[in-house]
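Please read this briefing alongside the sequence and the coordinates.

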Amino acid sequence: MAAIPAIQTLTRTWQRPAGIIGWLSQVNHKAVATRFVVTALVFFVLAGIGALTMRVQLAQPNLNVLTPNAYNQLFTMHGTTMMFLFAIPVLEGVGMYLVPLMIGARDMAFPRLNAFGYWVFLLAGVSLYISPFFGNAPDGGWFNYPPLTSEDYSPGIGIDFWTTSITFLEIAALVAAVELIVTIFKLRAPGMSLNRVPLFVWAILVTSFMIVFAMPTVMLASVFLALDRMIGTHFFDVAAGGDPLLWQHLFWIFGHPEVYIILVPALGIISTIVSTFARRPNAAYTLVVLSLVSIGFLSFGLWVHHMFTTGLPWLGMSFFAAASMMVTLPSGIQVFSWIATLWGTRPRLATPMLWILGFFFIFVLGGISGVMVGSIPFDEQVHDTYFVVAHFHYVLIGGAVFPLFGGIYYWFPKVTGRLLSGTLGKWSFWLTFIGFNTTFLPMHLTGFWGMPRRYYTYPTELGVGDLNLLSTVGAFLVATGFGLTFVNMFASFRNGAEAGPNPWGAGTLEWSVPSPPPPYNFQVIPAVDNRFPLWGPAQRGPAPDVGTAAVSGVALEPEAERRVTAGTELLDADLDAKLVLAGPSIWPLLLAIAVGTIFLGALVSLWFVPVGAVLSYIAAIGWLWPRKTEWDE
Amino acid sequence: MNRWGMSTQQRRAYERVRGGRSFGAGAKAAVLGLVLAIAGFAFTVRLGRAETSVLDPAGPRAARIAELWWVMFALGIAVFVVVMGLLLVAIFRGKRGSDTEERGPFTGTGFVALGGAVIPFLILMIVFGATLWTLIALAEPEGPPGLTIEVAGHQFWWEVRYPDQDVVTANEIHIPTGQPVELKLIGADVIHSLWVPQLSGKLDLIPGKTNTLWLEADEPGEYRGQCAEFCGIQHAHMAFLVIAQPPNEFAEWLDAQREPSDEPAPDSVVERGEQIFLGSACVYCHTVRGTNASGELGPDLTHLASRRTLAAGTLENNLGNLAGWIVDPQSIKPGNKMPATNLGSEELQDLLAYLMSLR
């Protein structure tokens with residue numbers, strides 16, 4: 001074992017260059033991940049404000065707070081933002097931050113790709129939000145069904161913004177997924193064999209594979225639609241032999257896995273928090289991993305349940321109904337693993353745990369209504385009504401946002417070195433929890449009483465005015481609840497109590513390093529021989545005297561100030577190679593702008609497509625241009 | 001340093017963060033709030049007067065689905081109570097800080113597999129069985145449908161044709177009670193979806209594809225329906241009525257609708273109104289059988305005055321509403337395809353008199 005590298009050398013090698021160019025060249029996974037999370041939270045707030053505005057419009061029958069046009073743009077942007085610009089980026093960001101720390105790596109496998117992904121995400125997100133200044137925002141729903149979104153029925157530029165931005169944006173999701181997979185497969189600490197990988201990392205791995213297979217179909221579909229609109233192809237044009245149902249198939253082959261892409265990382269967050277607060281390893285680890293993987297597979301066989309009312313043959317649909325119900329089983333495994341883990345432990349009900357308990361309540365309800373909508377005849381009644389709105393908010397807010405907020409309370413101390421206020425956290429949780437149920441529980445009934453989705457107003461005689469008013473009141477409670485957590489984050493960032501390296505007594509590697517972690521993460525790459533390296537002998541509670549330096553491992557001295565980390569074998573994580581990771585570079589940003597020229601330039605003139613392609617080629621050369629030191633070897 | 005690897009100061013801060021050991025007073029208030037919210041919800045439910053509810057079926061199709069719902073609802077409540085009960089027991093029983101070995105029996109792989117997969121599988125078999133049972137029952141009506149109606153979805157109104165009876169109307173589907181009728185659903189522009197909650201689940205109207213739906217009403221009555229697939233700016237104002245009539249009344253209605261419009265009496269207000277109508281842009285979009293007006297973009301007006309509503313369920317059909325609709329349709333239903341008509345007040349009165357004569 002080599003000598004332990006000096007902190008000064010490590011810091012010098014891993015810190016980002018100074019100045020604004022240095023900031024734009026930053027590739028470190030923690031910095032990029034923080035940018036992902038913060039940007040995604042900004043989009044979350046924007047989409048939330050949109051939701052509140054819609055709730056005001058719907059508070060009573062026949063209100064005129066919003067014009068129908070404004071309402072249609074708002075619900076389109078709300079859905080598109082929440083699904084594409086919030087949920088996936090925020091969870092990928094959390095994954096990017098935590099995965100290297102949890103597996104004992106100093107950075108992601110391709111740090112520059114990481115930065116490139118962020119810039120693409122930022123450009124695509126901003127382009128969606130500037131669309132109103134060029135005419136109108138997209139107004140065809142986040143599902144964007146043709147023929148309504150064809151040139152004939154939506155001549156404005158809004159839909160073009162949607163098709164190009166979404167295609168462009170998914171590049172970001174794809175590169176992040178590819179690099180998370182490689183990082184998890186090849187950069188794990190020596191000894192972290194696949195059966196010792198933390199459940200959160202497993203969840204991110206499954207999610208990343210799902211992204212790799214799901215995103216290309218939505219990119220394909222939106223390119224088809226863009227071609228239909230811009231150069232007059234006929235993919236979805238019935239008059240010329242096209243088929244609007246082709247869009248629905250392509251969209252939902254992406255769209256249903258998308259829901260699980262959002263859910264699965266959240267399951268990983270919950271498993272992590274539950275084991276920490278139960279102070280014991282997760283029950284039935286192997287079953288839980290297998291169930292995560294099977295969610296990944298099953299989620300690609302469910303898409304037709306979004307099309308139960310399109311008149312497909314019922315025998316064919318019944319297979320998809322069966323698959324939709326089957327996917328409950330791996331989720332059930334997760335829930336019972338958490339119950340078994342918590343059993344008899346009297347867990348501390350700290351703020352992260354509260355959000356997890358809130359998750360249980362909401363997610364189980366959402367799962368139950370999910371089985372219901374998987375039943376074809378019942379779905380024919382509630383499809384595209386507020387019952388479904390209630391169902392998927394239960395699953396997505398309960399299933400992803402509650403765990404995410406639990407995760408914020410849990411990992412904020414690691415990221416900033418400061419604890420969040422528990423009092424504010426409890427207020428935030430209870431307001432959100434009560435507000436959520438006040439908003440969405442009545443919506444089941446609103447749907448039963450005949451209110452379809454995507455209605456900018458409704459007649460008095462439908463009798464759903466009171467229910468809608470209740471939902472509107474609840475929505476403001478939810479907003480206040482979430483807002484308190486943001487206040488908490490701002491306040492605690494400067495003035496929170498010092499967290500120390502391991503405030504929760506957790507067992508995974510990210511808690512072995514100082515808070516906030518240094519740019520190189522680990523002074524010594526740790527060696528791992530069980531699932532909770534910071535805890536005592538496996539299957540026991542936390543061992544005494546676990547300090548920062550107690551984890552022994554592989555010392556990797558930076559060579560000629562290059563960024564090195566351990567490369568290990570896929571299955572057993574035997575030490576395999578010393579890997580040199582790429583350092584800071586401005587080219588990822590330039591490449592993102594060049595690729596953006598292809599997609600966003602196409603909105604102005606198709607001539608930008610070849611121009612952008614040439615620029616991208618130049619930027620890629622710049623990116624890959626060998627540094628002098630690398631020639632030496 | 002204690003066993004968490006924290007200094008005393010950090011430990012205190014941590015105690016502050018994680019709060020007390022029970023939910024605390026604030027939490028109790030919050031639970032009370034939740035109970036109040038649910039009570040308020042229940043109160044609202046009692047007060048509510050839903051005109052069209054899935055849970056108040058008026059035909060065999062919707063009744064079957066409502067039965068399926070109650071089965072699933074009962075199972076769902078049972079599952080929810082059991083899972084939440086287990087969770088609460090898991091959290092609140094047991095000794096704090098006890099060792100792994102002392103933590104009770106339900107912690108192994110067997111428990112997780114049984115509770116998480118095996119038992120849910122059995123419950124899902126019941127749900128899936130009930131689903132297939134209902135699905136088969138809904139696939140075909142008990143007897144052959146006696147009547148076929150073509151319904152075409154337009155932005156933002158419904159065209160209703162009785163091809164065998166040679167009748168055309170709009171935004172109203174008249175059916176005889178006690179017998180299944182077959183609806184052929186035609187997508188005319190974008191995708192729409194036809195939904196009458198009290199009679200049937202919804203089915204889409206998709207360009208290039210004709211879907212078939214049968215429905216049946218047990219009792220005479222008016223059942224509100226509406227578009228359920230987002231179809232553009234006025235998706236929210238695309239309602240219709242299914243009007244179920246005893247078979248003899250229905251036959252009379254068909255006979256009346258089959259007639260062309262009456263010839264107006266010479267030199268009457270109605271006749272002046274007809275001249276205004278025929279001389280205006282109205283005829284490019286609307287048909288009145290028995291006259292030269294034969295536009296096909298908008299609803300057939302031959303028996304306009306016999307219909308319950310205007311603008312696809314947006315307004316009650318009366319003189320005042322009709323006047324408002326003709327003069328300024330864009331403020332009533334912004335973005336619909338009907339342009340405003342610029343008429344002097346006398347001309348408008350004549351036109352209204354004519355239109356209201358189209359019974």
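This is a predicted model: local features need pLDDT of at least 70, side-chain atom pairs count only at pLDDT 80 or more; totals for chains, interfaces and linings use all residues.

Residues are numbered from 1 along each chain as written, chains are lettered from A in the order in which they are written, and side-chain values use heavy atoms, without hydrogens and water.

**Interface**
- About 9900 Å² is buried between chain A and chain B, with 69% from carbon and sulfur atoms; buried area is the accessible area (1.4 Å probe) lost on putting two parts together, summed over both.
- A:Trp343, A:Arg346 and A:Gln381 provide 9% of what chain A buries against chain B, more than any other three residues.
- Chain A brings 117 residues to the contact and chain B 109 residues, where contact means heavy atoms within 4.5 Å.
- The rule finds 1 salt bridge across the interface, a term for a side-chain nitrogen of Lys or Arg within 4 Å of a carboxyl oxygen of Asp or Glu.
- B:Arg61 and A:Glu380 meet through their side chains in a salt bridge, at 3.9 Å from N to O.

**Chain B**
- Chain B holds 9 helices and 12 strands, which are DSSP runs (helices H or I, at least four residues; strands E, at least two) numbered from the N terminus.
- Of its 359 residues, 50% count as buried, that is, under 20% relative accessible area (1.4 Å probe, protein chains only).

**Helix α3 of chain A**
- The 30 residues of helix α3 (residues 29–58) of chain A should span 44 Å at 1.5 Å a residue, and the end C-alpha atoms, 42 Å apart, agree with this; the expected span is 1.5 Å times one less than the number of residues.
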